Amino acid sequence: MRDQFDVVIVGSGAGGAPIAHELARAGRSVLVLEKGPLLRTQDETRPGSRSDFKRDEMFNAGPERVITIPGVANTGASFYASHVEPDLNDEPHLFSDLSGSAPRVTVEGYTAQVVGGGTQLYGAVSLRFAPDDFRLRSFNQGRGRPLQSAPGDTLTHVRDWPFGYDVLEPYYAKAERLLGINGTTAGQGKPFPSGDFYQRPLDPNPISQFALAGMQALGYTAYRTPLAVITEDHAPSGRRAGFPKVGFVNRYGDPMGFKSNTWVTLLRPTIRDGHDLEVRPNSVVTHLESGGGRVSRVHYRDPSGRPATVSGRLVVVACSAVESVRLLMLSAENDRQGFGREVRYQENGSLLGRFFLTHCFGGAEVAVRGHRYDKSISLDSDYATDACARREFLEENGLWAGAAIYNNTSDQSLPVTLARTHGSTDLDTFWVGFMGDVGKRGENMVRWFDEDFGTRLSVSFMANQIPRWENRIELHGVTDKWGRRSAHIIKDWHPHDQHVMNVLARVCEDILLSGVPGSTRDDISEGSVYGNAVRIANHILGGMRFGTDPDDSVLDPDCRVWEMDNLYVTDGSFMPTSGGANPTLTIQANAFRVADALRARL
Amino acid sequence: MRVQIVPRDPLYVLNHCTKYLARDSTDPRHSYWGTYDGQPRARISEPWRFPVIDSHDGDGADAYEWNDVTFVHGSRPGEPEPREVLLLTTCNTLWEPIPLERVGDSVFLARTLRVRKGERHRYRFVVDGAPALDPVNPQTEVLPTGEVWSSFFTWAYNQPITFERWELAILDRLVRHILPFNSREARNFLQRGANEGNVGHLYRLDLGVGATNYVDKVVAREERHRLYAYKTCLEMLDTVLRARNPGRDPEFLNESSYTRLYDEMADGSRWPALFADGWNPARYGDPGHFLWLLRRHAMTGAFAHPRYGGNAGGMAWAYLGEHYRTDTGETAFNWRQAVEPPLGTSTEYRG
């Protein structure tokens with residue numbers, strides 16, 4: 001089997017696929033190693049073939065499994081994962097908050113293990129970050145009114161990105177064009193000087209009118225939420241449009257390939273066009289080997305589990321922030337004097353694994369009384385607003401950073417999901433609310449459906465989390481099925497995060513209060529993930545932040561590990577701050593940017 | 001050969017093998033409280049996924065009536081591999097063994113057969129001439145002769161596997177008590193069979209829209225680790241009901257008997273009444289936990305895709321679709337538009 005490439009990329013999702021696409025099309029040889037399977041869309045293997053993805057609620061979260069790992073806080077607990085999320089007994093992530101409590105195993109924080117990575121299961125909300133998200137240190141140094149609920153250390157670890165929105169903007173445009181995203185630019189708080197490449201959004205679900213009305217009543221400008229789903233034929237990926245509004249959206253792979261995941265948009269077309277790109281699925285990278293400041297070999301297991309190696313002139317790691325940090329740490333443990341020193345593993349003050357970030361998020365939800373809608377005819381979101389990313393809003397509310405706000409349309413639109421997410425606070429607590437709500441039976445079950453089926457409307461916010469030194473990824477003694485130490489996520493919120501989430505949850509509540517006729521604050525439930533640090537929403541960021549100072553960052557501005565000549569990291573781990581929006585489009589845009597730098601080196 | 005062999009590319013098979021079978025670890029980390037202690041399947045993830053049962057990837061007009069069933073035999077890297085593995089199965093004639101073929105250059109041997117939906121079959125591997133059970137799939141069937149065979153069933157199989165008739169009867173009463181199909185309106189709907197002729201896999205609609213059948217199947221396969229809970233608790237509930245209603249068959253007791261059982265399981269302070277009438281806490285200490293299990297399974301069985309054995313013909317979806325209307329009088333759950341024909345009416349998605 002071929003074992004020499006110009007570029008070897010670990011991971012086929014948002015951070016890896018754009019680089020594979022660009023460098024293979026530039027005539028370089030590229031190998032993508034992907035731990036998960038290559039699940040194909042309908043008609044992919046031959047005209048008439050079935051897809052490996054199904055419109056089936058059990059693909060979102062399947063049968064019960066039980067955590068059997070001894071000695072963790074939730075040994076014996078049940079979990080319900082998607083078919084492309086890992087078996088937690090084979091490949092656990094451990095989680096602790098900063099209280100020192102015993103770690104527990106969690107489903108939270110995995111992106112999908114499948115070709116396409118997290119872009120297969122995500123809700124496909126594809127927002128750009130706001131210009132100020134790139135310069136939060138500078139913004140806060142120049143702010144007029146003080147932060148509220150902010151202890152003295154609030155901004156200690158906040159860094160500007162090495163470049164501004166203007167540098168990333170052309171790459172946002174490139175990503176939007178190549179991926180296939182529908183939405184509207186009018187009303188967004190971000191400039192689009194490179195052009196509007198959005199496809200036309202489909203008609204919104206009628207229930208979303210209340211969210212729009214609420215945003216407008218508060219004086220907020222709204223726009224159609226950009227979603228990575230094609231609504232028109234998409235020439236760059238050779239896909240034909242169809243009818244994507246079917247409810248099987250968030251947490252489902254799309255059997256039709258309308259959702260613009262990185263396999264159908266970037267990798268598959270590049271292979272079909274005859275470029276030198278190979279994807280090896282079912283192949284988990286175990287560690288990297290280095291010599292003389294370069295990664296010399298990538299060690300992986302083939303689909304049978306047999307060891308194999310491959311070499312690349314350049315090596316790109318993009319297997320999700322948690323797993324990328326872990327891969328570098330495992331490689332360091334394998335060669336402490338070589339690789340370990342080059343990535344400064346466990347050195348005093350080393351930043352490897354530090355400043356792990358997720359998002360402050362939450363929102364508000366209400367049942368729209370007297371109306372009912374078919375919520376299954378929907379995509380993930382219809383309307384968004386950048387009103388809470390405006391400087392005036394941040395000054396007025398004493399916030400260090402802003403947020404995107406958008407309504408959710410497809411959530412709880414299907415009956416099994418309605419039940420299993422009832423009262424659950426995270427992926428680890430699927431079904432718990434419904435099972436324990438024993439009053440819901442017979443006639444009471446009918447009443448519950450009467451009230452909640454096709455009536456529930458929610459509005460969410462997605463905001464920056466304060467970077468903290470203590471929030472980190474380490475290795476834990478619990479081993480995976482390959483005998484490798486597992487990732488241990490140690491994380492908690494900052495007090496100012498609570499203020500951010502309280503303010504924004506209140507805004508979401510106000511949107512519903514203003515938009516839904518007859519609603520009262522008593523009808524609306526609002527809340528956030530504050531107090532539930534494990535809730536990550538699969539937005540796993542930071543841990544290897546980039547910067548201009550080798551003593552203050554792990555990666556250089558091109559996402560190269562400072563002490564390694566040919567090792568790059570391009571998933572969300574590069575981010576020094578997490579942005580006030582869902583991160584995938586920014587990871588993709590940055591990967592296109594890095595690809596330009598890599599092309600110049602080969 | 002009676003059965004049709006379906007060509008599936010090596011990637012398809014590996015996609016269904018690597019995550020579950022490939023590993024270095026020999027820990028029994030998948031033993032589920034000892035369910036699989038001492039068995040090779042305790043070491044691997046989700047052994048119930050084998051043989052792999054999937055949509056039939058064929059073009060025939062009747063393709064929807066079939067499943068593709070992929071039989072896999074794997075070796076551990078570095079260990080001696082068998083020279084030959086044959087498959088004997090009742091899908092085919094039992095005198096015509098089918099050789100498994102190597103999947104690419106992997107350690108897996110596999111073969112995919114087309115098997116009609118709604119069927120159950122037994123099979124054995126013949127490994128270098130010696131008959132063997134599938135070391136991965138835990139389902140077995142014991143013949144009247146005492147011979148043990150590996151076993152599987154295809155989608156929407158509707159004959160009881162796990163439960164006896166008396167167990168199904170109690171289970172069904174409890175499931176019905178939970179589900180929203182006891183209203184007069186719902187009963188009328190179900191009795192009309194109002195699902196536009198989608199009767200291909202309808203089965204005993206009186207059984208809680210098939211949710212009981214789902215439970216019978218899910219504890220045979222995906223959640224086999226919950227088989228003990230059902231077998232034990234249904235037996236004890238039968239004892240309790242008979243103690244409270246001497247000489248009467250639990251199947252025909254009125255609703256109040258089951259309401260009381262439900263209420264007692266739901267409320268820890270009332271468990272002593274169950275214990276007094278025959279529930280043995282030494283066998284299953286937490287009646288509330290069993291109720292939680294039952295609630296999750298009832299809901300899933302009723303509303304999940306009919307392939308799992310409940311929601312016959314999409315009946316529960318159709319009930320929601322007819323019962324709930326939008327402001328403009330249209331259905332508030334147009335599930336058919338998303339779902340593959342002939343169950344649904346999607347003009348794009350084939351399932």
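A:I473 stands opposite A:I489 in β17(A), and that pairing is a handy way into this predicted model.

- Four strands of chain A make up an open sheet with mixed pairing, in the order β6-β5-β17-β16.
- β6 (104-105) and β16 (472-479) are the edge strands, each with a single partner, so one side of each has no neighbour in the sheet.
- On one flank, β17 (residues 485-490) runs antiparallel to β16(A), and the two share six bridges.
- β16(A) and β17(A) form a hairpin with five residues between them. In the turn, A:G483 has a positive phi of about 80°.

**Helix α5(A)**

- α5 spans residues 208-217 of chain A, and its buried residues are A:S208, A:F210, A:A211, A:G214 and A:M215.
- Looking down the axis of α5(A), those buried residues fall within an arc of 155°, so they line one face of the helix.
- Which elements cover the buried residues of α5(A)? They include the strands β7 (222-224), β13 (383-385), β14 (403-408) and β15 (456-463), along with helix α13 (495-515), again in chain A.
- After α5(A) comes A:G219, with a positive phi near 85°.

**Where chains A and B meet**

- The contact between the chains involves 59 residues of chain A and 61 residues of chain B.
- On the chain A side, α10 (415-420), α11 (432-436) and α12 (442-452) each supply at least two residues.
- α12(A) gives the largest share of that side, with five residues.
- Sorted by class, the side of chain A that touches chain B has 26 nonpolar, 17 polar and 16 charged residues.
- Over in chain B, B:D327 sits in the segment after α10 (315-323) of that chain. Leaving aside residues up to four places away in sequence, B:D327 touches A:H371 and A:R372.
- Is B:D327 buried or exposed? B:D327 is exposed, having 12 other C-beta atoms within 10 Å.

Notes:
Residues are numbered from 1 along each chain as its sequence is written. Chains are lettered from A and ligands numbered from 1 in the order in which they are written. This is a predicted model: local features need pLDDT of at least 70, side-chain atom pairs count only at pLDDT 80 or more; totals for chains, interfaces and linings use all residues. Two residues are in contact if their C-beta atoms, placed from the backbone, lie within 7 Å. Ala, Val, Leu, Ile, Met, Phe, Trp, Tyr, Cys and Pro count as nonpolar, Asp, Glu, Lys and Arg as charged, and the others, Gly among them, as polar. A residue is buried if 20 or more other C-beta atoms lie within 10 Å of its own, exposed if 12 or fewer, and partly exposed in between; C-beta atoms are placed from the backbone. The arc is that of the directions from the helix axis to the C-beta atoms. Two strands pair if DSSP finds at least two bridges between them.
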